[in-house]
Amino acid sequence: MTGHEVDLGAALAHLRVLPLGTDGVLIETDGLDESLALFGALLAQPVAGILDVVPAARSVAVRFLPTLLPIASLMSVLRSLPTSRDAATEGRLVEIPVVYDGEDLAEVARLSGLSVDEVVDRHAGATYTVAFTGFAPGFAYLTGGDPSLAVPRRATPRTSVPAGAVAMAGEFTGVYPRESPGGWQLLGRTDVALWDLAERVPALLQPGMRVRFVDVTQRPPAVEEAASPESGSPSPVESGSALPPAEPMSDAPAPAVPAPVDRPRPDRALVVTAPGPFSILEDLGRPGRSGLGVSRSGAMDHRALREANRLVGAATGSAALELAYGGLEATARGDLVLAVAGAPVPLTVHGAGGVRHAVPGAAFALDDGEVLVVGAPPRGVYSYLAVRGGWEAESVLDSASGDVLARIGPGRLAAGDELGVGRAWSESVAAAAHDAQRSVSAPDEVTLLDVVLGPRDDWFTAEALERLTGQRFTVTAQSNRIGLRLAGEHPLERAVEHELPSEATVSGALQVPPDGQPVLFMADHPVTGGYPVVACVVGDQLDRAAQVPVGASVRFRVVPGPDLGAGRRGGRRDARVDERAADERGVEQ
């Protein structure tokens, strides 16, 4: 791409750096050109300790490892970047054929004051730039279209938008890589695959690339009036919703990509009779894939997963079976050595010799033909079942984690599934560490979580910030691996009402939709979001947050974030709210 030069030095001189938890910053820019220039400069100058860089229309998010790259060093890196750079350095042109027969063509024509033919001509006549990715793997936000086509999202999102739909909302155009809910205006459709795991780089479109739509329509003489909006839940980005309408604890299994391949039947396996409310294989996830629109995913409670693997002598990052609220029943084929960590579930073994009990936090044997029954935990949510030798699982993007939002990796467990046992090298089984079986939350307890304000706390009233720390929020039944939906007595009111351009989100982000009830993003969160994030849970407390069951409550306490210098959020100080917080940490009785 022949990008134009950006005065990056001038942009860096007055940029605003906002906290994104304790291990991230959000760098505001003047626009897309500056975002892409900063993104390219950071990629061209690799720095040890930077984990991920996510560009957006008016910001760049940087995740870093504070133990390797202190915040002062990161700020020095930013100040040392080149003073000028092309707005985009990749810029390969991708042409996408489109049949312009979308259901919303007439509505877009009405909103823009153009004819349908003019809408198509202007949309196909522009050259777009991939600003950033998010929402779903392969979903790219394209900017640079004709300003006259900037139209709002639909008032009521569709419950289903087909794969390949070409759509637009506001200043952005995009193509849906797979079927999903959505509230963008549909202009047409394409057969081009936006996401293909068979390719070395699965996402067709990357930040900085250019895109041109080619009109291949044989249009009828007239286009019908826009169909009436369909009812349905909003999607995470298209309608700005803080939590996607995926229901990973519903009866329908989440699709897995790629499809499983035939392989020899393993000699040793766990044959599932009842999978429980929601069971899925997880490891430590796939970090650094935000550029593909893929979040890290992985275990909800990293500490518990590591402990379960340690108990059976497996590598601590190996895949384990994550059980939400227990409920598993399975039969051993061959002799197995298992262990459970996390939420303390009852473990019963049924065999020819009768019934015996195992305990979480200790390895136990399961002989050929014996049946393991896992009960519901009296406290906590997630338990992890590890096996000596490791579970056999397909690796997708270097991880065996199932991602219920991105729909990649293993799908949720179903009755009749067989979990094969591998032959990975193992150490001897271990006893539980002194602090391994830590307390997890019970339904009648209140869990205290520390948060760092920002990046968008200044979008909320002073009263809203007081309410963030001064009231309890209940975890609702709509919570899942994507996020915890919280309900407080008093909603958090915004001081800034205009729409926020979509920007990067992280695990632990407290995103607040228009109803004022925050959503705490968890392992399978979307990469970008369009609602302001008032605060982020401190990273080492996400394991604790994951173990808060439905019906239990959380409280938030503001703690100081990274020292970013003056003006990091318009002069607002963390200490203003922090003084109100209790001295205690952890779980309140």
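**Figure 1. Overall architecture of the predicted model.** The protein's secondary structure comprises nine helices and 36 strands (DSSP runs numbered from the N terminus, helices being H or I of at least four residues and strands E of at least two). This is a predicted model, in which local features need pLDDT of at least 70 and side-chain atom pairs count only at pLDDT 80 or more, whereas totals for chains, interfaces and linings use all residues. Residues are numbered from 1 along each chain as its sequence is written, and side-chain values use heavy atoms, with hydrogens and water left out. Of the 589 residues, 56% count as buried (under 20% relative accessible area, with exposed over 50% and partly exposed in between; 1.4 Å probe, protein chains only). Among contacts (heavy atoms within 4.5 Å) between residues at least 6 apart in sequence, 76% join residues at least 24 apart.

Figure 2. The largest pocket has a volume of about 990 Å³. A pocket is an open set of points on a 1 Å grid over the protein atoms alone, with protein on both sides within 12 Å along at least five of seven lines; lining residues have an atom within 4 Å of a point. Grid points are joined across faces, edges and corners, and the volume is the space filled by probe spheres set on the points. Of the 43 lining residues, Asp-23, Arg-63, Arg-296, Ser-507 and Leu-542 lie nearest the centre of the largest pocket. Strand S4 (50–55), strand S5 (59–64), helix H6 (302–311), strand S34 (533–537) and helix H8 (542–546) are the elements that each give two or more residues to this lining. By class, the lining of the largest pocket has 20 nonpolar, 13 polar and 10 charged residues (Ala, Val, Leu, Ile, Met, Phe, Trp, Tyr, Cys and Pro count as nonpolar, Asp, Glu, Lys and Arg as charged, and the others, Gly among them, as polar).

**Figure 3. The largest cavity.** The structure holds three cavities of 30 Å³ or more, a cavity being a set of grid points where a 1.4 Å probe fits but cannot get out. The largest cavity contains about 50 Å³ of space. Its lining consists of 13 residues, with Phe-135, Gly-293, Leu-405, Ala-406 and His-525 nearest the centre. Eight of the lining residues of the largest cavity are nonpolar, three polar and two charged.

**Figure 4. The largest nonpolar core.** Within this core of 53 residues, Tyr-384, Leu-486, Leu-510, Leu-520 and Phe-556 touch the most other members. A nonpolar core is a set of buried Ala, Val, Leu, Ile, Met, Phe, Trp, Tyr and Cys residues joined through side-chain atoms within 4.5 Å. Leu-486 touches residues including Phe-473, Val-475, Leu-510, Leu-520, Val-554 and Phe-556, not counting residues up to four places away in sequence. Another core, of 28 residues, lies apart from it and includes Val-98, Tyr-100, Ala-109 and Leu-114.

Figure 5. The whole structure has nine aromatic pairs (ring centres of Phe, Tyr and Trp, the last by its six-membered ring, within 6.5 Å; planes under 30 degrees apart are stacked, over 60 edge-to-face and the rest tilted). Phe-139 and Tyr-141 pair edge-to-face, 5.2 Å centre to centre with 70° between the planes. Phe-139 and Trp-184 also pair edge-to-face, at 5.5 Å and 75°. Both Phe-139 and Trp-184 are buried. Ring pairs link Phe-132, Phe-139, Tyr-141, Phe-172, Tyr-176 and Trp-184 into a cluster.
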